[in-house]
Amino acid sequence: MDIDALAALLSPAAELMLPLLASRAREITSQRFGKTTQIYAPLYLSNLCTNRCAYCGFSADNAIHRRKLSVGEAVAEAQLLLDRGFQHILLVTGEAPAKVGVDYLEEIALALRNRFAAVSIEVQPLEQEEYARLFKAGITAVAIYQETYDRLIYDRVHLAGKKKDFDYRLATPARAAAAGMREVGIGTLLGLADWRLEGLALGLHLAWLRKNFWRTSFTVSFPRLRPAAGHFQPLSPVKEMNLSQLIFALRIFDPDVGLVLSTREEARFRDGMLGLGPTRYSAGSVTSPGGYSHADHEGEQFSIGDQRPIGEVCAAIAAKGFDPVCKDWDMEFQHF
Ligand code: SF4
């Protein structure tokens, strides 16, 4: 499908045909992914951050309790997730390369690689050689979101720090793919700019990545702004109906792309979207480092919309006739 067709799917006119879009998205999702929904959990390693992003609880401006997990603490948190049934985990950090750099991430990856089926990262943008090094250590996938493709708004909300460099961030998914990562995830933070234009830019970015890195799998995420320390208010609010249209449009545009719907969204919305496009759900998430071991959630990045534990999320998926899949990869398949 070409980009003009995506523009039509994202248009106000298409909003009037939402049931039709939902039906087509359901058909394509079923053909390509069957009844499966992948399950994963984020593991926050650190909330140290040197950037000032207006919308984020970890922004260097915010007076929150900061910490970085030791390797032992990270393994203990990971064990709790294993005990709950997770096999796919996403290691998340703020951006503080001097303290949470590649050496640290490599050490954590080596400690976890034989315990989990797949370990992914969502950390600061890295160089291609650094991604290659982490791939060797057992990292299978990288998530790196542009936040917004609107340069002016990007500059406005990224107040200070290395993240102000729009172009370096934009080129990061390509560096991760060129390093040999099995999967690369892109996305925008919905609520910063016009969601229709963000959807179009996402489609263009995805199509370019596919053309240039055909060996790599790609996913798209749709995080909507959530309440966080700093109390940033969305510049361009995105309603559930808008988010639905965006998901349907991306699914129709690219039948093979994995679509991620995280616990930022409410349980009701996530359950309603099952089978209509999304292929991967997080569950039982906590967004503070050490948060699985300690219930206070002090120093979290943002508050969670769907607070159900993994068992309840899997039961809701099964109740709608879908299979929650906790493992669809194995480190044995990985050629390091
Ligand atoms: S969005 Fe990322 S880089 Fe920006 S303050 Fe939050 S953790 Fe740091």
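Student: What does K163 touch, leaving out residues up to four places away in sequence?
Tutor: K163 touches N51, C53, Y55, E95, E147, Y154, H158 and R169. Contact means heavy atoms within 4.5 Å. Keep in mind that this is a predicted model: local features need pLDDT of at least 70, side-chain atom pairs count only at pLDDT 80 or more, and totals for chains, interfaces and linings use all residues. Residues are numbered from 1 along each chain as its sequence is written, and side-chain values use heavy atoms, with hydrogens and water left out.

Student: Where is K163 placed?
Tutor: K163 is in the loop between β6 and α8 (166-170). Helices (H or I, at least four residues) and strands (E, at least two) are DSSP runs, numbered from the N terminus.

Student: Is K163 buried or exposed?
Tutor: Buried, because the relative accessible area of K163 is 8%. Buried means under 20% relative accessible area, exposed over 50%, and partly exposed in between (1.4 Å probe, protein chains only).

Student: H158 was on that list. Which strand is H158 in?
Tutor: H158 lies in β6, residues 158-160. H158 has a relative accessible area of 1%, so it is buried.

Student: What joins the side chains of H158 and Y55?
Tutor: A polar contact of 2.7 Å. A polar contact is a pair of N or O atoms within 3.5 Å; within protein, one must be able to donate a hydrogen and the other to accept it, and residues adjacent in sequence count only if both atoms are side-chain atoms.

Student: And which residues does H158 touch, not counting those up to four places away in sequence?
Tutor: R52, C53, Y55, E147, K163 and K164.

Student: E147 shows up too. What is phi of E147?
Tutor: Near 75 degrees, a positive value in a residue other than glycine. E147 sits in the loop between β5 (139-143) and α7 (151-157). E147 is buried, because its relative accessible area is 9%.

Student: New topic, P125. Where is P125 found?
Tutor: In the loop between β4 (118-122) and α6. P125 is buried, with a relative accessible area of 15%.

Student: What does P125 touch, again without residues up to four places away in sequence?
Tutor: E95, Y131, I144, Y168, R169, T172 and R175.

Student: On to helix packing. What describes two packed helices?
Tutor: The angle between their axes and the distance between the axes. Axes are lines fitted to C-alpha atoms, for helices over the stretch in contact, and angles run from 0 to 180 degrees between N-to-C directions.

Student: At what angle do α5 and α6 cross?
Tutor: Roughly 20 degrees, with the axes of α5 (residues 102-112) and α6 (residues 128-137) coming within 8 Å. α5 and α6 are therefore roughly parallel. Angles under 35 degrees count as roughly parallel, over 145 as roughly antiparallel, 65 to 115 as roughly perpendicular and the rest as oblique.

Student: Which residues of α5 and α6 meet?
Tutor: V102, D103, L105, E106, A109 and L110 in α5 meet E130, R133, L134 and A137 in α6. By class, the α5 and α6 contact has six nonpolar, no polar and four charged residues. Ala, Val, Leu, Ile, Met, Phe, Trp, Tyr, Cys and Pro count as nonpolar, Asp, Glu, Lys and Arg as charged, and the others, Gly among them, as polar.

Student: How do α1 and α10 cross?
Tutor: The axes of α1 (residues 3-10) and α10 (residues 195-212) come within 10 Å and cross at roughly 155 degrees. That makes α1 roughly antiparallel to α10.

Student: Who meets whom in α1 and α10?
Tutor: I3, L6, A7 and L10 in α1 meet W195, R196, G199, L200, G203 and L204 in α10. The α1 and α10 contact has seven nonpolar, two polar and one charged residues.

Student: And how do α10 and α11 cross?
Tutor: Their axes come within 11 Å and cross at roughly 25 degrees, α11 being residues 240-253. So α10 and α11 are roughly parallel.
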